[in-house]
Each structure stands twice: as structure tokens, then as C-alpha cells.
Amino acid sequence: MNKVFEIGIEIIQRIQETQSEKLEEVGKRIAHAHMNGNKFFVTGSGHSHTLAEELYGRAGVIAFTIPIMTSELMINEHPTKSSYIERLPGYAAILAELYHIQENDIVMIASNSGRNAYPIEMAIEAKKRNAFVVAITNIDHSKKTTSRHASNKKLMDIADIVIDNCGVIGDSAIKLDGMNATICPTSSMANAFIAQAINVACVEELLRNGQNPEVFVSLNCDGNEDVNDILFKKYTRLY
């Protein structure tokens with residue numbers, strides 16, 4: 001049990017030591033994109049889709065995030081459906097069109113391996129539209145695997161900024177005697193801290209520029225329902 005905490009703390013410290021400047025830059029870019037009337041999208045498939053949930057619709061996060069979080073990318077309907085969909089060419093182009101990704105928008109894509117078609121093609125489609133692409137990936141893992149996309153590129157080869165989640169190959173970080181498989185995946189821990197670091201950096205930059213940052217509040221505190229209703233009506237994607 002202690003090993004879980006040791007590894008988790010080690011991962012977060014490594015992110016703090018090596019990725020802080022990038023996290024600050026991304027937060028600032030998101031703030032300025034918003035101030036300039038552009039949009040901020042977040043997406044991922046499988047368990048990586050939780051990055052979008054971390055930055056949308058929860059207490060204390062910026063209200064203008066647009067999650068690209070279709071059921072095909074998630075595991076709530078079937079545990080392996082998203083694994084097939086993320087390897088399927090063409091799906092990202094459909095979503096990029098449906099969500100109207102445009103010039104100077106910011107598209108943040110989470111993929112631990114960065115090797116499958118969906119995250120790679122979403123990055124390509126975003127770049128075609130002159131959007132700014134942020135990748136959150138496991139650089140070590142990605143370097144040591146092959147691409148599953150026709151371009152032979154990986155997500156980190158396409159993105160404008162690459163944030164390393166500082167994980168190990170295969171994501172799971174603990175090897176116990178008597179088991180061949182490792183346990184305790186760290187990407188979810190890492191992504192939660194990465195997301196909230198970016199969220200705070202964005203809010204700080206909005207304040208520095210005289211803006212009133214709009215964030216969701218807890219619906220479990222009395223009197224807050226109207227606050228979130230207003231923000232959902234203002235920012236929830238209507239097309």
C-alpha cells in the first residue's frame with residue numbers, strides 16, 4: 001500500500017519539476033484564446049477521456065471548456081468499444097467537423113501511448129484548421145512503441161506542445177512477487193494534476209488581464225444551482 005503513495009507522489013513531483021513551464025504556458029494560451037473569442041476543446045479515448053471530465057462541469061474549473069466526449073470514446077457502454085474506435089481511421093475528422101474546430105482554437109488531446117488513430121488524427125485535423133494542439137502523453141512509452149496510424153506519426157510528433165505525464169511503459173507502475181502483470185496505473189493520477197494545474201494557470205492569467213473568470217461551483221452547497229445553470233446555458237455546445 002505504501003508503494004502506491006510513493007509512486008503517486010514521485011510521479012507528481014516529476015511532473016512539477018519537468019513540466020511546470022509548459023503547464024503555465026498552456027494555461028495562459030487557453031486564457032488568451034478565450035479572451036479573443038476562440039474555443040478550448042479537450043478530448044481523449046478510453047480512460048484518457050477522463051481528462052475532459054476533469055476540465056468540464058465540475059466545481060472549481062473554467063466554465064468554457066468544450067469536451068469532445070462521445071460515447072464511442074468512453075467505456076460506459078462496453079469495456080473495449082473505445083479501444084476499437086480509437087484505432088479506426090476517419091472518426092476524428094467527423095468530430096472535428098461536428099464540433100467546428102477553427103483557427104486559433106486550442107485542442108487538448110490526452111493519450112497515454114499516443115499511437116492510435118483517433119488522437120493522432122484529431123491532432124492532424126486540428127492542425128489543418130490552424131488550431132493549436134496540446135498533447136498529454138507518456139513520452140517514454142510513446143517513444144518505445146510503433147504508430148498505428150498510416151502516417152507512422154504519434155501524437156507527440158504533431159502537437160505544438162507536448163506535456164509528459166511522466167509515467168512508465170505500460171502505465172502500471174508496481175510489480176508484485178507472484179505476478180507477471182504490473183498494477184497501479186499512474187496516468188489518471190497524473191492527468192488530474194496536469195488538468196488542475198492548467199486550470200489554475202488559466203484562471204490566474206484571466207485575472208491578470210482584468211477578466212472575471214467564470215468557473216463552475218459545487219451543486220452540493222446550498223444556493224449554487226443558479227450559478228451553474230447560467231454558465232451551462234452560456235457555454236454548453238448547442239450545435
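The questions and answers below concern a predicted model of one protein chain.

Local features are taken at pLDDT of at least 70 and side-chain atom pairs at pLDDT 80 or more, while totals for chains, interfaces and linings use all residues. Residues are numbered from 1 along each chain as its sequence is written, and side-chain values use heavy atoms, with hydrogens and water left out.

Q: How many helices and strands are there in the protein chain?
A: Helices (H or I, at least four residues) and strands (E, at least two) are DSSP runs, numbered from the N terminus. On that basis the protein chain has nine helices and seven strands.

Q: What is the radius of gyration of the protein chain, and why does it count as being as compact as a globular protein of that length?
A: The radius is taken over C-alpha atoms, and the globule rule is 2.2 Å times the number of residues to the power 0.38. For 239 residues the rule gives 18 Å, and the chain is close to that, so it is as compact as a globular protein of that length. Along its principal axes the C-alpha trace spans about 55 × 40 × 35 Å. The radius of gyration is 18 Å.

Q: Of the 239 residues, what percentage count as buried?
A: Buried means under 20% relative accessible area, exposed over 50%, and partly exposed in between (1.4 Å probe, protein chains only). The protein chain exposes about 12,000 Å² (Shrake-Rupley method, 1.4 Å probe; for residues, only the protein chains shown count as cover). Carbon and sulfur atoms supply 52% of that area. The buried share of the residues is 49%.

Q: Among contacts between residues at least 6 apart in sequence, what percentage join residues at least 24 apart?
A: Contact means heavy atoms within 4.5 Å. With that cut-off and the separation of at least 6, the share joining residues at least 24 apart is 76%.

Q: How far apart do the centres of the positive and negative side chains lie?
A: Lys and Arg count as positive and Asp and Glu as negative, with His and the chain ends not counted. Each charge is placed at NZ of Lys, CZ of Arg, CG of Asp or CD of Glu. There are 23 positive and 29 negative side chains, and the centres of the two sets are separated by 7 Å.

Q: On which residue is the kink in helix α1 centred?
A: The bend at a residue is the angle between axes fitted to the seven residues ending there and the seven starting there. In α1, which runs over residues 2-35, the kink is about 70°. Buried residues of this helix include Ile-15, Gln-19 and Leu-23. The kink is centred on Gln-19.

Q: Which elements are among those covering the buried residues of α1?
A: The buried residues of α1 include Ile-7, Ile-11, Val-26 and Ile-30. By contrast, Gln-13 of the helix is partly exposed at 42% relative accessible area. The cover includes β1 (40-44), β3 (106-110), β4 (132-137), β5 (161-164), β6 (172-174) and α8 (187-208).

Q: Is Gly-37 buried or exposed?
A: Gly-37 sits in the loop between α1 and β1, and its phi is positive, near 85°. Its relative accessibility is 58%, so Gly-37 counts as exposed.

Q: What is the relative accessible area of Cys-166?
A: Cys-166 is not a glycine, yet its phi is positive, about 60°. The residue lies in the loop between β5 and β6. Cys-166 is buried, and its relative accessible area is 5%.

Q: In which loop is His-100 found?
A: His-100 has a positive phi of about 55° although it is not a glycine. At 37% relative accessibility it counts as partly exposed. His-100 is in the loop between α4 (91-98) and β3.

Q: How far apart in space are Pro-119 and Ala-135, C-alpha to C-alpha?
A: Pro-119 is in helix α5 (residues 117-128) and is buried at 3% relative accessible area. Beyond four places in sequence, its contacts are Glu-86, Ile-109, Ser-111 and Leu-155. Pro-119 and Ala-135 are 16 residues apart in sequence, and their C-alpha separation is 8.9 Å.
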